[in-house]
Amino acid sequence: MSNPYAKLPAWAEYGLIPLVNLVVAFLVAGLVVLLVGENPLNAAYHMINGAFGRGEYIGFTLYYATTFIFTGLSVAVAFHAGLFNIGSEGQAYIGGIGVALACLWLDKTMPWFIVLPVAIIGSAGFGALWAFLPGWLQAKRGSHIVITTIMFNFIASSIMVYLLTKVMKPLGSMATQTRTFEAGGQLPKLDWLLSIFGLNVGNAPFNVSFLLALVAAFGVWVLIWRTRFGYEMRTMGHSPSAARYAGISETRITIIVMMISGGLAGMMALNPIMGEQFRMQLDFVQGAGFVGIAVALMGRSHPAGIIPAAILFGMLYQGGAEIAFEMPSISRDMIVIIQGLVILFAGALENMFRPAIGRAFAAIGSRATAAAQTRGA
Amino acid sequence: MSDIAIELRGIDKSFGLVHANKNINLTVRKGTIHGIIGENGAGKSTLMSILYGFYQADSGDIVVDGSKVTIKDPNAAIAHGIGMVHQHFMLVENFTVLENVMLGAEDSQILNTSISKARVELKRLEREYALEVDPDALIEELPVGLQQRVEILKALYRKADILILDEPTGVLTPPEADHLFRILGQLKDQGKTIIFITHKLREIMAITDEVSVMRRGEMVATRNTKETSVEELAELMVGRRVLLRVDKGEANPGAVKFSVRNLTVRDGRGVTMVDNVSFDIRAGEIVGIAGVAGNGQSELLEAISGIRKAVSGTVLLNGEPVDVTGHADPAALRTRGLAHVPEDRHHVGLVLKFEESENGILGYHRDKRYLNGVFLNTKAIQADAEEKIKKYDIRPPNPRLKTANFSGGNQQKIVLAREMERGPDVLIIGQPTRGVDVGAIEFIHKRIIEMRDQGKAVLLVSVELDEIRALSDRIIVMFAGRVVGERDPGATEGELGLLMAGVEGRKEAAE
């Protein structure tokens with residue numbers, strides 16, 4: 001049989017299975033905490049409290065989530081066309097150039113709402129450019145995108161080191177960063193959004209780019225499921241041979257999809273640069289591009305899944321920092337282990353519990369039909 | 001010792017929500033050829049996989065030679081004397097015959113002794129069953145018929161008394177199939193038991209002693225082959241009366257709509273797959289291309305539909321040239337009146353993960369009718385799908401259902417509806433009924449003839465010779481990439497069979 005495990009109802013497929021995966025991931029993580037000699041329940045408390053316990057904590061969680069929504073969408077878009085873009089990290093990094101240039105150019109003369117559109121175009125443009133090259137290489141030369149995008153991450157990193165030590169650093173400064181932006185280069189916080197719920201954002205850098213991330217998520221949904229181009233890229237993603245049959249140009253789709261993916265990754269740079277630091281620092285991406293892969297996997301490459309997955313990872317980041325602070329024997333590296341476990345169970349071992357759950361549903365289903373039949377007779 | 005080789009009692013197997021085998025009882029007598037027939041998805045392969053240990057039954061017993069056994073993997077099946085010849089051969093292409101035969105049955109880590117022992121044993125088997133094949137030949141250099149023989153030898157080498165053959169004739173020419181039948185007859189005479197799975201009624205009638213019919217996971221009947229008829233078996237398979245013969249009137253050919261001249265196509269490795277092929281199709285006729293799978297038909301279809309670049313040659317569609325050696329865009333050809341039902345609906349004709357309605361526009365998705373600017377007009381797409389579902393009786397009638405969840409026949413109807421409803425001038429159809437149930441075959445054949453009667457030029461490629469003969473108004477035979485003959489549909493199967501095997505063709509070419 002080609003499809004031995006019958007279709008599950010949507011709520012089980014998209015709700016139950018990820019939940020079971022997540023619970024198992026946390027149970028195993030709890031074991032790890034136990035091994036270090038700490039109380040896992042304590043750790044869980046600090047994690048939850050640290051992520052959601054106060055307005056400020058929520059602000060931090062959503063600040064991280066904003067970043068992960070962008071990179072998650074970036075990976076997901078490419079994934080729908082059958083392309084595994086591992087280069088969101090580098091594309092986000094290079095996207096930062098666009099944000100920085102816009103801010104350095106306009107921050108003293110223009111208000112933030114004028115600078116922001118320019119920064120969006122700049123970040124998306126630079127990110128897209130950085131993704132265009134691997135896309136073009138794959139489409140025209142057959143160089144595998146997984147390899148090239150990894151390489152491009154390293155190149156991006158080196159370029160940024162060069163720029164931040166030689167070109168974009170203010171004269172006489174020893175820090176590898178641009179100058180601090182004036183008011184025009186600083187995105188306003190979303191304190192009003194949290195205060196609706198009676199929360200105080202405090203010091204958290206929760207800013208306007210969160211709304212932009214939500215708009216981007218909706219835009220990605222429209223693109224993938226409601227446009228002709230989305231139809232073409234999904235066809236190619238599911239079946240390249242069917243795409244050829246339908247007269248869909250693989251070259252064109254590959255290059256355009258990679259540029260969209262890179263653009264989304266690039267827009268991630270708005271959040272830390274314009275929303276938190278108000279300057280571009282070395283290594284401001286901090287692995288968010290790679291977290292995006294996990295977010296996309298966990299969110300099933302669907303915007304409606306990516307947003308909660310991004311918030312979950314935001315929680316792991318923010319709550320994890322709190323654990324490290326409250327429980328000295330749990331280091332930051334332990335938090336990375338927990339994140340790794342979530343990725344492992346939610347992403348890589350995605351199909352581990354599916355057969356069992358499928359069987360359970362089959363058993364319930366056949367019992368229900370049997371009951372219906374006896375009632376009918 | 002009983003005279004029952006295998007008995008299955010109450011075998012039941014579900015995959016999730018799919019109930020693939022329902023309480024199956026089957027008795028296979030020793031020294032007989034027992035046919036198992038049923039449509040695709042009837043549960044034949046599942047049942048045999050249970051018998052061969054690929055799957056475990058949820059309940060029920062397997063009795064081999066009078067004693068109840070548990071078969072937990074193929075090794076256990078072999079230990080009980082059950083061997084299997086798969087539909088897709090399980091051979092290592094770059095190993096020799098000898099190496100393949102002994103693979104997995106070596107005596108020790110050091111191969112030398114095993115090899116010499118295997119060679120002796122192989123020679124003995126070849127003599128005993130008249131299964132000659134050079135033990136040192138590489139598998140990839142052997143024709144398909146001989147590769148199959150190696151599969152049989154593999155099973156015999158492992159001392160199989162019961163041989164299961166899963167759709168063994170699908171890849172063979174008629175002469176090769178006849179040869180296989182003779183071999184099976186000999187094996188039977190030597191006391192072996194053979195279980196023969198097929199969906200071709202003719203083969204059942206030709207070689208089996210008994211036949212069991214499966215339908216929707218159930219064993220519906222077992223008959224003595226001598227006491228049954230093709231009609232009865234077809235009815236049992238489908239569950240209703242079926243028209244096996246195709247009713248069609250005289251063709252009324254008009255002007256040439258599609259013409260191919262000196263077309264040559266090479267595959268990725270540079271091997272010439274289509275060699276200087278020329279033919280014409282007129283309006284209102286069906287031209288059939290007969291040939292054993294792999295003789296260039298697939299590449300021909302791909303080249304003339306713009307999917308694959310040809311090396312040289314010209315193609316005229318409605319008198320206008322098609323750039324087959326350059327950028328013949330399949331989408332552009334569609335708008336010029338060429339519709340293409342591809343051979344492989346799973347990977348080419350459909351995107352199985354799409355909803356039915358999404359597949360309804362594949363290739364036509366640039367049509368304004370389905371779009372609002374750059375956006376998809378989901379309402380129009382949905383309405384269009386519903387209309388086609390009604391007209392082609394596609395079941396279940398749900399345009400939002402994932403295409404993978406439709407049966408083979410209904411999937412094929414989705415493709416046909418999409419390609420036929422446009423009223424194309426030229427219709428190219430590859431393997432219209434491959435993996436399609438008997439009930440749907442009838443419908444598809446009728447539709448193809450309707451297209452002809454509407455004055456369309458139809459090119460039909462099929463490995464089912466019966467289908468080619470029933471539908472075509474002219475038959476072209478391809479062998480090794482060349483057209484080796486053209487016959488009218490009155491040609492006998494024997495005559496076409498020889499052409500397909502390249503025997504007659506060489507003579508004709510020499511003359």
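Select strand β13 (residues 285-290) and strand β20 (residues 457-461) of chain B: the two pair in the parallel sense over five bridges. Strands are DSSP runs of E, at least two residues long, numbered from the N terminus. Two strands pair if DSSP finds at least two bridges between them. This is a predicted model, where local features need pLDDT of at least 70, side-chain atom pairs count only at pLDDT 80 or more, and totals for chains, interfaces and linings use all residues. Residues are numbered from 1 along each chain as its sequence is written, while chains are lettered from A and ligands numbered from 1 in the order in which they are written.

Click B:Ile289. Opposite stands B:Val461 in β20(B).

Now widen the view. An open sheet of six strands runs β16-β19-β20-β13-β21-β22 (chain B), with mixed pairing. Its edge strands, β16 (338-341) and β22 (482-487) of chain B, each pair on one side only. From one strand to the next, the twist averages 20 degrees. Such angles run from 0 to 180 degrees between N-to-C directions, along lines fitted to C-alpha atoms.

Four bridges join β16(B) to β19(B), and the two run parallel. B:Leu338 stands opposite B:Val426 in β19(B). Which way do the side chains point? B:Leu338 and B:His340 point one way, B:Ala339 and B:Val341 the other way, and all are buried. Buried means 20 or more other C-beta atoms within 10 Å of a residue's own, with C-beta atoms placed from the backbone. In a regular strand, side chains alternate between the two faces of the sheet.

Technical notes:
Buried ≥ 20, exposed ≤ 12 C-beta atoms within 10 Å, placed from the backbone.
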